[in-house]
Amino acid sequence: MAPFAFPMPLGSADRDLRPRSAARLVLLALLPSGCHGPQSMLSPHGPQAEAIAEAWWIMFGAACLVLVLVVALALYATLQRAGRPPPARPLRIIVVGGLLFPALALAALLVYGSMLSNRLVGASDPGLRIELIGHRWWWEVRYPDGGPPRALGNELRIPSGRPVLLEMRSDDVIHSFWVPTLAGKLDLVPGRTNRLTLMADRPGLHLGQCAEFCGELHAHMRIAVIAMAPDRFEQWRARFAPTPVPPPAFAHAGCDGCHRHDGQPVDGGRGPDLAGFASRRGAPGDTDALARWLERRHPAQLRSRVADVSAPSPAQADALAEWLERLQ
Amino acid sequence: MSDRRHPTAADAARLHADLAAIWANRPGLGALSAVNHGTIGLRFIATGFAFMLVGGLLAMFIRLQLAWPGNTVLDPQRYAELVTMHGTTMMFLFAVPIMEGFALYLIPKMLGARDMPFPRLSAYGYWCYLFGGLLLYASFLFDAVPRGGWFMYVPLSGREFTPDISADFWLLGVTFAEISAVAAAVELVVAIMITRAPGMAIQRMPLFAWYILATSLMIVFGFPPLIVGSILLEIERATGMVFFDPARGGDPLLWQHLFWLFGHPEVYIVFLPAAGVLSTLIPTFARRPMVGYSWVVLAVLGMAFLSFGLWVHHMFTVGIPLLSLGFFSAASMAVAIPTGIQVFAWIATLWSGRPELRVPMLYVLGFFFVFVLGGLTGVMVAFVPFDWQVHDSHFVVAHLHYVLIGGLMFPLFAAFYYWLPLWSGRMSQRSTAGAAFWLIFIGFNLTFLPMHLTGMLGLPRRVYTYSSDLGVDVLNMLSTVGGFLFAFGVGAFMLDLLLGWRHGVRAAQANPWQASTLEWSLPVPPPNYNFAGVPAVASRDPLWDEPRLPKLIAFGERYLGIARDGAREMLGTSPLDGRPEQVIRLSNSSWWPLAAALATAASFIGVLGSFYLLALLALAVAIGCFVGWAWSTGDRRAPDRLEAGGGLRLPTQYAAHNAPGWWGLAVFLCADATAFAALLFGYVYLWLSAEAWPPAGWPPPAAGPALLFAALLVASSAAIGLARASLRRARLFRRWFGAGLGLGLLALALAGWILLDGLPPPTAHAYASVSASVLGFAWLHVALAWLVALFVAERHRRGWVDAGRPLELRVAQVLWNYAVVVAVLAIALLVLFPRVL
């Protein structure tokens, strides 16, 4: 596959997925490696995701046990040999298996679940407030506090080791913010503001994606969460380097109809701000592949029934890709 | 009865010939006018199966597109369309209708009845279902295929983001199909309550009937919220009134509440009939009665009840306060207990019986694995924090397919094998059936087991493609391969069933499985009238306890072994203990249901294409058809009392207390009251999320006209009551009844004035829209009651309603009083709510 077959161009370096503690190392070693991934709830890198992953493994074990037990019982009951004496009091099977056992198991699970949700929601008061706005089909991130106002597109930078508060709203339809390695999802509902506390243990790149169907290009609505060491995050917040001047193709190919590139929070945007585009890819990518992606697989080209944007010519695409790679 | 001469074989043959002539469907195209439950039931089953194949075909395209990342079999829009249509087809056009088909076909046969109590309603329901499905698929012809997902969340499906008519196709098609579900549910409830064989007290009912009773009640209470939601959304899209748009006081979450108020019970509406199949098959193959009959009945009723308290578990991620999440999480887990009781009752029955591993039992065993796994992941997603992760991911896709395919399709396929000999007299070959089963079982698990992990690795549902970085490439390929195996399996199953039907081994006897329920006492294939003589039943397992029954039935012994007046007759019994109470004269084949359904379809198409004049005209024609239907229904000239066999002389339904018409109305009003409650819920919900109610600048509706409106209605109700009391004195009756009609007409006119004078323009704000809708709902009910009352007045004038045959007047009066209560509640809400709160 071409590296940019999927339209949100993301690299995979700079991602620290190493387990933190020895106990975790043992646990992870026992798991099939297939459980890991940059967007896997089973590779948790934040307290919420960790607690949920732990709950999953407990429930998984219990469920396997119950499944084997019930299926074995059903098979035993059906495939029995003739002449075996029937159970003396068959009603007991119902009372024990169908009533007492599930009642006790579920009561325990419910208590555990309520305690866990309370712990996850009632986390310590987060210092930093960030606004997250869902658009079809991109994410807008705004930093109202702690420095000059700043906006990012499809990218969320947070300091690691500290909880941050996301204030989430939608500009059009319902979206859902889901970064499985950090936390469970929460919807962005028009007309209301939902709040999610997010925390990453260590610096690293986390991938997320819109989880509520929001129309044609729902699959392309991805977001990169970059957790930075707190001091580096403060530096980034304070620094405000102007982006390089775009090539003429930016206007000629109609890019400026949707995209800004100055990192300024402005209402009414139609596409993600491109400031910091290269950094969100993680690794220095293949400029040529990026150019071909712009030509053919950019979301505007993929909108099957809408052709209001013409594809850039190969030369334009090359110039644009070269420029995008410099947007640190 | 000892003095009665027992019929000879010649008598029996003559009786069968006479009954066959009375109950026959018309030949050729005339078959379209058929109303017999057997015919209609089979049509539902065949159509549902066809829709399953179409829905399955769509799924194959979906799996093909997801086989590897970046695939381009479908473009993003086409993918969204196919996903939407797959879900919609499977839920609304396959799962519910096919089980209704089984219920319509089997319930009378199991209960010892000759037909359903409202045969024309069954036929109308079938046509609504068929036309609704066709309407939905007609969207492909106009390239306006619904694409908002099967739960059509707003604002995505609102006019702003779906400006074409694709969403209207969905809303109207699905509503049409839902009318059919409610119609079938109403008559199944009535059939189970008052048409069981004499002696079949409620505690002797076959378990399948309990399951269908619970399912039908769930449809009665579960479907109206979605019907209301769909109508509100259609109104919002068509007229610009507001319910869901937050910019003008609406709330998109109201749609989710209404949808899932239906949507969760829906899951159990799909599962319970299938579980009923299991509770029928398992005792048969275990050769013993069900262990814990009462436990199972209580579990089924408990499940039906609990399933209405779970809907919010589809909304754990919308930002609802944790306390209410805790409540819904508890309820969602609690539903595992009645499920567990049933699973262990099945195991206990097998354990203490002598099970035979026949073909249907393969699917029963497959069910245990698939459904229990789906149930366990269901408990997991009821665990709130876990749901925050896997909600709307492929984990949930896997979960719901385990529950629905495990809970519905495995029992359904078992049911096909089980009842094939009843219908065709032949049985399937074990070897080919086994191959089909293993293909299905392995294919299914290969498709959906990996999907749990795909979801946990971060793949959301409804994405048309995915990135290789997720690490889900191999898993998706496995699912696709599994999907195709599964499809081959279904093909093999069909082939096997077809071969069994045409060329299978002839069943050695009419009851090849040695089952205990009454349907196996019938000849093969069962005649339209089922029972020549309606049997008397003395136990839960009549065929095990009374081997002579089939012979008695065939000879027309016991009840109603009479063919007279060319009339279709069935026996009505008392709801609890099953005492014979009435002879019900049913309608023969009729064109009215088809005509009414066609007119209904035309009016839906009018709304769809914004041809509102056509819609109104078609609606008028439809109302005309309903009047024609009601006018000719049953046998209006039937005598007050009839010989019912067994030395009994019973009233006909027009003179009977527990008449089907009265019960049908009562059940229908439950559904209607639920719709009203859903609308009131919408009103209160919007009020809760509004800053000011009414919005600034509008006074609350004036109290004066509202008070007058309520007073007129209460007075009209009193007048109708007095008319009923003076039914023996024709002049007095006419005077009071006329007064009631007049007062009702005044109130109807006044409502328009309140609407125009007391409320802001309905498109201004959600307050105005929802208030106008509440008032409109009330108005329509008073108008309907008024029309029905007029109809009854004419029937009275002609002498078909009198003190000895008060049924139609009773029905009209109950409807009238109900409409008055609705209207008074509505007006009180509109006037008081903005003042008091």
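Helices in these legends are DSSP runs of H or I with at least four residues, and strands are runs of E with at least two, numbered from the N terminus. The model shown is predicted.

**Loop residue B:Asp143 with positive phi.** B:Asp143 lies in the loop of chain B that runs between helix α4 (119–138) and helix α5 (166–194). The phi angle of B:Asp143 is near 50 degrees, which is a positive value in a residue other than glycine.

**Cis peptide bond at A:Arg136 and A:Trp137.** The peptide bond that joins A:Arg136 and A:Trp137 is cis, and its omega is about 0 degrees. A:Trp137 is placed in the loop of chain A between strands β1 (128–135) and β2 (138–143).

**Cis peptide bond at B:Val524 and B:Pro525.** In chain B, B:Val524 is joined to B:Pro525 by a cis peptide bond with omega of about -15 degrees. The loop that holds B:Pro525 lies between strand β2 (505–506) and helix α16 (542–545) of chain B.

**Packing of helices α3 and α6 within chain B.** Helix α3 (residues 76–111) and helix α6 (residues 207–239) of chain B pack at about 140 degrees, and their axes are 11 Å apart. This angle makes α3(B) oblique to α6(B), and the crossing of the two helices is left-handed. On the α3(B) side, the residues in contact include B:Phe92, B:Val96, B:Glu100 and B:Ala103. Also on α3(B), B:Leu106, B:Ile107, B:Met110 and B:Leu111 take part. Their partners in α6(B) are B:Phe208, B:Ala209, B:Ile212, B:Ile219, B:Phe223 and B:Leu226. By class, the contact of α3(B) with α6(B) comprises 13 nonpolar residues, no polar residues and one charged residue.

**Packing of helices α22 and α23 within chain B.** Helix α22 (residues 730–758) and helix α23 (residues 766–797) of chain B meet at an angle of about 160 degrees, with 10 Å between their axes. Angles over 145 degrees count as roughly antiparallel; α22(B) and α23(B) are therefore roughly antiparallel to each other. Their crossing is left-handed. Among the α22(B) residues in contact are B:Phe733, B:Phe737, B:Gly744 and B:Leu748. The α23(B) residues that meet this helix include B:Trp779, B:Val782, B:Trp786 and B:His796. The contact of α22(B) with α23(B) divides into 18 nonpolar, two polar and no charged residues.

**Packing of α3(A) against α9(B).** Helix α3 (residues 91–121) of chain A packs on helix α9 (residues 322–334) of chain B at about 160 degrees, the axes being 10 Å apart. These helices, α3(A) and α9(B), are therefore roughly antiparallel to each other, and α3(A) passes α9(B) in a right-handed crossing. From α3(A), the contact draws on A:Leu106, A:Leu109, A:Leu110, A:Ser117, A:Asn118 and A:Val121. From α9(B), B:Leu322, B:Ser329, B:Ala330 and B:Met333 contribute. By class, the contact of α3(A) with α9(B) has seven nonpolar, three polar and no charged residues.

The size of an interface is often given as the accessible area lost when the parts come together. Chain A and chain B bury about 7,200 Å² between them, of which 73% is on carbon and sulfur atoms. The contact involves 87 residues of chain A and 86 residues of chain B. Two salt bridges are found across the interface of chain A and chain B. The side chains of A:Arg222 and B:Asp469 form a salt bridge, with an N to O distance of 3.5 Å.

**Salt bridge of A:Asp288 and A:Arg292 in helix α7 of chain A.** Over all chains, a search of the whole structure finds 33 salt bridges. In the bridge of A:Arg292 with A:Asp288, the closest N and O atoms are 2.7 Å apart. These two residues lie in helix α7 (residues 287–296) of chain A, four residues apart, which is about one turn of the helix.

Methods:
Residues are numbered from 1 along each chain as its sequence is written. Chains are lettered from A and ligands numbered from 1 in the order in which they are written. This is a predicted model: local features need pLDDT of at least 70, side-chain atom pairs count only at pLDDT 80 or more; totals for chains, interfaces and linings use all residues. Side-chain values use heavy atoms; hydrogens and water are left out. Axes are lines fitted to C-alpha atoms, for helices over the stretch in contact, and angles run from 0 to 180 degrees between N-to-C directions. Angles under 35 degrees count as roughly parallel, over 145 as roughly antiparallel, 65 to 115 as roughly perpendicular and the rest as oblique. A crossing is left-handed if the near helix is turned anticlockwise from the far one by less than a right angle, and right-handed if clockwise. Contact means heavy atoms within 4.5 Å. Ala, Val, Leu, Ile, Met, Phe, Trp, Tyr, Cys and Pro count as nonpolar, Asp, Glu, Lys and Arg as charged, and the others, Gly among them, as polar. Buried area is the accessible area (1.4 Å probe) that two parts lose on being put together, summed over both. A salt bridge is a side-chain nitrogen of Lys or Arg within 4 Å of a carboxyl oxygen of Asp or Glu.
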